[in-house]
Amino acid sequence: MQKTLFIIKPDAVKRHLVGQVIDRIERRGFTIERMEMLTLDLERLKKHYAQLVDKPFFSSITNYMMSGPAIIGILSGPGVIKSWRDMMGATNPGEAAPGTIRGDFATAPDEHGIQNIVHGSDSEESAAREIELWFGK
Ligand code: DAT
Ligand code: MG
């Protein structure tokens with residue numbers, strides 16, 4: 001059974017969208033294996049987004065991701081990595097299709113950068129790495 005890390009980001013928590021996102025997860029039939037609310041820390045965010053630390057917008061990502069509590073957890077289900085990414089939609093909300101979480105709920109990028117509601121691991125390797133980073137072995 002495949003597993004993936006998911007995050008419901010601080011903008012979604014502030015905008016009271018947690019229930020609607022979890023509703024979509026459950027309707028799709030994924031199992032929530034772990035789930036907790038916490039304010040993400042810079043040290044682990046640097047590891048989580050290791051491929052982006054050198055980008056000019058990296059501080060906008062960490063400011064956003066630490067701007068309030070987030071929901072972080074583990075989903076399991078057949079093909080959950082790609083399936084959850086499909087449900088999330090494109091990274092830039094302006095390009096995310098209607099019917100996707102980002103397409104339906106995310107706000108347009110502004111001077112604070114991209115705020116796009118949810119995270120999902122992008123491969124089996126990322127999923128294993130991210131699950132260990134946030135939840136341990
Ligand atoms: P995704 O979250 O779809 O996996 P990613 O891993 O490439 O996308 O990037 C992680 C987050 O960083 C993304 O959700 C929003 C932010 N981000 C990515 N590319 C960006 C860009 N060009 N400008 C501003 N923020 C960006
Ligand atoms: Mg990513």
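**View 1. Lysine 137 is exposed, with a relative accessible area of 90%.** This and the following views show a predicted model. Lysine 137 forms a salt bridge with the side chain of glutamate 132, at 3.4 Å from N to O. Glutamate 132 is partly exposed, its relative accessible area being 40%. The pair belongs to a set of five salt bridges in the structure.

**View 2. Arginine 24 and aspartate 104 are joined through their side chains by a salt bridge of 2.8 Å, N to O.** This pair connects distant parts of the chain, since arginine 24 lies in helix α2 (residues 18-27) and aspartate 104 in helix α6 (residues 101-105), 80 residues apart. Both partners are partly exposed: the relative accessible area is 22% for arginine 24 and 35% for aspartate 104.

**View 3. Within helix α5 (residues 80-88), lysine 82 and aspartate 86 are four residues apart, and therefore separated by about one helical turn.** The two residues form a salt bridge in which the closest N and O atoms are 2.7 Å apart. Lysine 82 is exposed, with 57% relative accessible area, whereas aspartate 86, at 42%, is partly exposed.

**View 4. Strand β3 (residues 70-77) is mostly covered, eight of its eight residues being buried.** Ala70, Ile72, Ile74 and Ser76 point one way from the strand, while Ile71, Gly73, Leu75 and Gly77 point the other way. In a regular strand, side chains alternate between the two faces of the sheet. In β3, the residues pointing either way are all buried.

**View 5. Strand β3 pairs with strands β1 and β2.** Strand β1 (residues 2-8) runs antiparallel to β3 and is joined to it by seven bridges; in this pairing, threonine 4 stands opposite leucine 75. Strand β2 (residues 31-38) is likewise antiparallel to β3, with seven bridges between the two. Here methionine 37 is the residue opposite isoleucine 71.

**View 6. Helix α4 (residues 58-65) has Phe58, Ile61, Thr62, Tyr64 and Met65 as buried residues.** When the helix is seen down its axis, these buried residues fall within an arc of 160°, so they line one face of α4. The packing partners of the buried residues are strand β1 and helices α1 (10-14) and α3 (42-48).

Technical notes
Residues numbered from 1 in each chain as written. Chains lettered and ligands numbered in written order. Predicted model: local features only at pLDDT ≥ 70, side-chain atom pairs only at ≥ 80, totals over all residues. Heavy atoms only, no water. Buried < 20%, exposed > 50% of the residue type's maximum accessible area, 1.4 Å probe, protein only. Pairing = 2+ DSSP bridges. Arc of directions from axis to C-beta. Contact = heavy atoms within 4.5 Å. Salt bridge = Lys/Arg side-chain N within 4 Å of Asp/Glu carboxyl O.
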